Amino acid sequence: MNDNSGGGIQYALRVNDVGKHYPSDKGGSQGRTFSLDGVTFDLPMGYIMGLIGPNGAGKSTLIRLLLNMVKRDQGSIKILGMDNLLQEEAVKTQLGVVFDTSYFINLWTVDRCGKAMAPLYPNWSQTVFLDYLQRFGLDPAKKVKELSRGMQMKLMLAVALSHDARLLVLDEPTSGLDVLARDELMNLLADYIADGRHSVLFSTHITTDLERSADFITYINDGSLYYTGPRDEFEDAFVLLHGAPGDVSQAQRSLALGLREFSTGFDALVAVEHVGAFLAAGQDGPTTALADPDRYSQERPGFDDILRLTARRSKAPQGNTGVVTAAADYDTEVEA
Amino acid sequence: MKLIISSISGQPIYQQIEQQIRDAVLSGELVAGQALPSLRSLAKELRISVLTVTRAYNELAQEGLLENIQGKGTFVMSQGSERMHEQLLEQVRTNLDRAVNAAMQADVGMDALHDMLDQAAGANPTATG
Amino acid sequence: MNGVVSQVRLDNARMMSYGRFRGNLLLVYLAPLMALVMGLIGDKTEETASGILGGICGGLSPLTIIYCVWPFMLTEQYGDSRIDGMIPISRMQQVVGRYIMAGCTILADAVGLALAVPVLKMIGSPVPPRLWQFDGLLLLVVSLLVLIAMPFFYRYSTMTMMKGMAIAIVGIAVLYLLLSRLPVDWMHMLSTITAFLSASAVRTVLLAVPIAVACVALSILASDRMYGSKEL
């Protein structure tokens, strides 16, 4: 079965070596130097990509670079096959954007938001918009400032979905939402990509939202790319090891991509290919470690585990360039 | 087709799908030539990523259980395929090994074991001669 | 072109019920209305008429200027500048759209001032001499202030602008004091220039129009430049 139903466009998003550097006196949100170094990733049409990373890592900067809200210093960005600078307007008519907080004039009523946005998009459908309002339970007469944060997000979503946008970009849409609302959103996104002609880029630090539904993951850590590629492979690439408190040798420390020590034990994140070496490099020498199978316990880490153990490191995992597979190489077609 | 995915079972989701489809095919619940749901519809129903389903289907296709036909969909391979046959034979062998081991432990002799095999075949309406 | 129209419509929507073209109309009928009311109340002398018109101009001019930069202030106070980053309108077109709105506003101001004259005549009040020149000069000053202020509004917040304007006013006052010390008869120079420019209608048009266009273009380019470097 050929999944190549993207309507002619193979990639919803191609980001190539994009970078942004802030001089030290201006420096980001904390007054320190911040830079986004040469980030490269692709999102094929018809899939959901999660953009993850700790706060301040550069996810929002990356999204603002996509929208040209911030000028990039290097690299190229192609959205839906078009250059994001040269064909900015054409690109934006096909983009749906949702931010963490409302961008509307908060004195507007829900109805007026629709009326204000409609003339900007040639493919606007008022029927679709009203349909979403009803579906989300948005009262057309209510002012934006009277809406809860979750409802404001739904309003942005309703607008984003009402002009046949081919790429939906969401910047931390679920922060501040409860579990039900997040669940609804993930269902909506699954429906959105169902026909293979729409894609989603979803930046979040709530990783549970992505654990089931994300097809691809791009992990930005401290301004640089840590991983990009299929989500399954990301989870498959690491092993989470636990052991007795303090039972970590120097060699093991250098093999671990992330290590947290507690009074009750330690958590170590190790790349799959290095697990053997890790197990053999125990404090008392190799023989003791192998003879005691219960010394370390292993499990497949969830997203949260991977993130909490690797966040803030600015280098990619050892022995791994950090870019595991470019999505271009990944087999998105089912083999015939 | 019933498919239950657990996010906390610790087993990767694509493996869970593979296993359940494999079980369904081997048990006859999914018959030869039957069409499986499309990638996207299954992903949507299970609320998991499309790539996960793709991977499961691909791996099952490599095993010979499923067949992907361009433009038409994914179908269960007809039971006459070699690989399916091998898998089933493998199952027979494994189960027989287990039966033999259990018989040893229970002090059941090989003749008694043969009798038990005949009884089981007799009780199974689909068993042939 | 589509983008410019879209921008105008969006700004209209931003200004909601206080704004839109209704707001511009306010400028149109406010002046004659004030003239009518004040004229009927006061006595019909030239001094009173001058006072009335002074009051009208004093009231309308700041209103016009603020109205031109109203979308900036609204977005800052009630909205979010991120909307300007996600809409499918290029930054240049956003700039041009706002300038067109500003132009309409100043036009409304001009029409309003013009309408005050027949109203005064109608109620029997004398019309102060050289009124047109005075109105013309005033509109010129208002336009210049708007043209100078707009690029800054694209980059800086209203608070910063207020501080900037306060400093500018002090600076201008100081400049005025210094210039008035110089042994140059500024009034004479000014009236010579004005006389030269308005000697004939043709000359005014031939000289003033290109200069005006150049000023507007310069302002637009400056705005685009300032806006371009702004991060949304």
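What follows is a short chat about a predicted model.

Biologist: Before I read anything into it, what should I know about the numbering and the cut-offs?
Modeller: Residues are numbered from 1 along each chain as its sequence is written, while chains are lettered from A and ligands numbered from 1 in the order in which they are written. This is a predicted model, in which local features need pLDDT of at least 70 and side-chain atom pairs count only at pLDDT 80 or more, whereas totals for chains, interfaces and linings use all residues.

Biologist: How many residues of chain A are in contact with chain B?
Modeller: On chain A there are 24 residues in contact with 26 residues of chain B, where contact requires C-beta atoms, placed from the backbone, to lie within 7 Å.

Biologist: And which helices of chain A each supply at least two residues of that side?
Modeller: Those are α6 (179-193), α7 (210-213) and α8 (231-236) of chain A; helices are DSSP runs of H or I with at least four residues, strands are runs of E with at least two, and both are numbered from the N terminus.

Biologist: What is that side made of, by class?
Modeller: The side of chain A that touches chain B has nine nonpolar, five polar and 10 charged residues, with Ala, Val, Leu, Ile, Met, Phe, Trp, Tyr, Cys and Pro counted as nonpolar, Asp, Glu, Lys and Arg as charged, and the others, Gly among them, as polar.

Biologist: Switching to the cores, which residues touch the most other members of the largest one?
Modeller: In the largest nonpolar core, which has 120 residues, they are M49(A), L167(A) and V270(A). Such a core is a set of buried Ala, Val, Leu, Ile, Met, Phe, Trp, Tyr and Cys residues joined through C-beta atoms within 7 Å, and buried means that 20 or more other C-beta atoms, placed from the backbone, lie within 10 Å of a residue's own.

Biologist: Which helix gives the largest share of this core?
Modeller: Helix α5 (residues 149-161) of chain A does, with eight residues.

Biologist: What is L167(A) in contact with?
Modeller: Setting aside neighbours within four places in sequence, L167(A) is in contact with A12(A), L13(A), I79(A), L80(A), Q94(A), L95(A), S199(A) and L201(A).

Biologist: Last one, chain C: how many helices and strands?
Modeller: Chain C has nine helices and zero strands, and its C-alpha trace spans about 55 × 45 × 35 Å along its principal axes. Of the 232 residues of chain C, 27% count as buried, and among contacts in chain C with a separation of 6 or more, 84% are between residues 24 or more positions apart.

Key. Two residues are in contact if their C-beta atoms, placed from the backbone, lie within 7 Å. A residue is buried if 20 or more other C-beta atoms lie within 10 Å of its own, exposed if 12 or fewer, and partly exposed in between; C-beta atoms are placed from the backbone.
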